[in-house]
Amino acid sequence: MHFLSKIILKLLKKSSLKKLSSSPNSAIGGNIKIGDFCNFSFYPNAKKISIGNGFSIRNYCNILVCNDAELHIGNNVFMNNYCSINCLEKIEIGENTLFGEGVKIYDHNHQYSSEKIEHQKFTTAPIKIGKNCWLGSSVIILKGVTIGDNVILGAGCVVYKDIPANSIVINKQEQIIRNF
C-alpha cells in the first residue's frame, strides 16, 4: 500500500505542475518544489500569473487566482504547510519571502449591507508584500495592505494596514495567569 500511495502523490504533484505551467497568461520559473495535496485554482481569464525561480510550497496549501486577477510571486519564496492565497484583484510577493505555517492572504472581502452578506459580490484592493520578509505562523494579510521590504510579522498577526520597510510587528497578547 505504501508504494501505491507514493505513486498517487507523485501523479498529484505532476498534475499540480501541469496546472501551473499550462495556465494562460502564466510565467513559471524553474526549480519549483510542490508538497503533497496542494491545490492550484487558476481561472481561465486570470490576467497574469508569474511565479519566480526556486518557489517552494509545502503540504496542504491552496492558491486561487480568479478571472481578471494578477498574482506575482518572486524568486525563492517559501510557503510552509497549510498556507492559502486568495487573489481576486492583485497580490505581489517579493523575492526571498518566507511564510510560516497557516499564513492566509485575502485581497477581498464579501460585500455586505445591514440586510445581508453577499456570497458572490466582493470589494477588493491589491496586496503588496516586499522582499526578504518573514511572515510567522498563522499571519493573516487583508486587502489593501502594502508591506515593505525586510519586514518580520510575528505569529498570529492580523495585518490590516500598511507596514513600513525594516519593521518588526508582534501580536501583543497578555498572558493572564491566576493562582487558586
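A: What follows starts with the aromatic rings and then turns to the cysteines and a surface patch.

This is a predicted model, in which local features need pLDDT of at least 70 and side-chain atom pairs count only at pLDDT 80 or more, while totals for chains, interfaces and linings use all residues. Residues are numbered from 1 along each chain as its sequence is written, and side-chain values use heavy atoms, with hydrogens and water left out.

Rings of Phe, Tyr and Trp (for Trp, the six-membered ring) are taken as a pair if their centres lie within 6.5 Å, and planes under 30 degrees apart count as stacked, over 60 as edge-to-face and the rest as tilted. By this rule there are 3 aromatic pairs. In one of them, the ring centres of phenylalanine 40 and phenylalanine 42 are 6.1 Å apart and the planes meet at 55 degrees, so the pair is tilted. Both phenylalanine 40 and phenylalanine 42 are buried, where buried means under 20% relative accessible area, exposed over 50%, and partly exposed in between (1.4 Å probe, protein chains only).

Tyrosine 60 and tyrosine 82 have ring centres 5.2 Å apart and planes at 5 degrees, so this pair is stacked. The pair links distant parts of the chain, 22 residues apart: tyrosine 60 lies in the loop between strand 5 (56-57) and strand 6 (62-65), and tyrosine 82 in the loop between strand 8 (78-79) and strand 9 (84-87); strands here are DSSP runs (E, at least two residues), numbered from the N terminus. Tyrosine 60 is partly exposed at 41% relative accessibility, and tyrosine 82 is partly exposed at 45%. Ring pairs also join Phe37 with Tyr60 and Tyr82 in a cluster.

For the cysteines, a disulfide is a pair of cysteine sulfur atoms within 2.5 Å, and the count is 0. The sulfur closest to that of cysteine 66 belongs to cysteine 87 and is 7.6 Å away, too far for a bond; cysteine 66 is buried at 12% relative accessibility. Cysteine 83 is likewise in no disulfide, the nearest cysteine sulfur being that of cysteine 61 at 4.8 Å, and cysteine 83 is buried at 1% relative accessibility.

On the surface, Leu98, Trp134, Ile152, Ile168 and Ile170 form a nonpolar patch with about 530 Å² of accessible area together. Such patches take residues with over 30% relative accessible area and no salt bridge, joining nonpolar side chains (Val, Leu, Ile, Met, Phe, Trp, Tyr) within 5 Å and like charges within 9 Å; a salt bridge is a side-chain nitrogen of Lys or Arg within 4 Å of a carboxyl oxygen of Asp or Glu. Accessible areas come from the Shrake-Rupley method with a 1.4 Å probe, and for residues only the protein chains shown count as cover. Tryptophan 134 lies in strand 16 (residues 134-135) and is partly exposed at 47% relative accessible area.

Note on methods. Helices (H or I, at least four residues) and strands (E, at least two) are DSSP runs, numbered from the N terminus.
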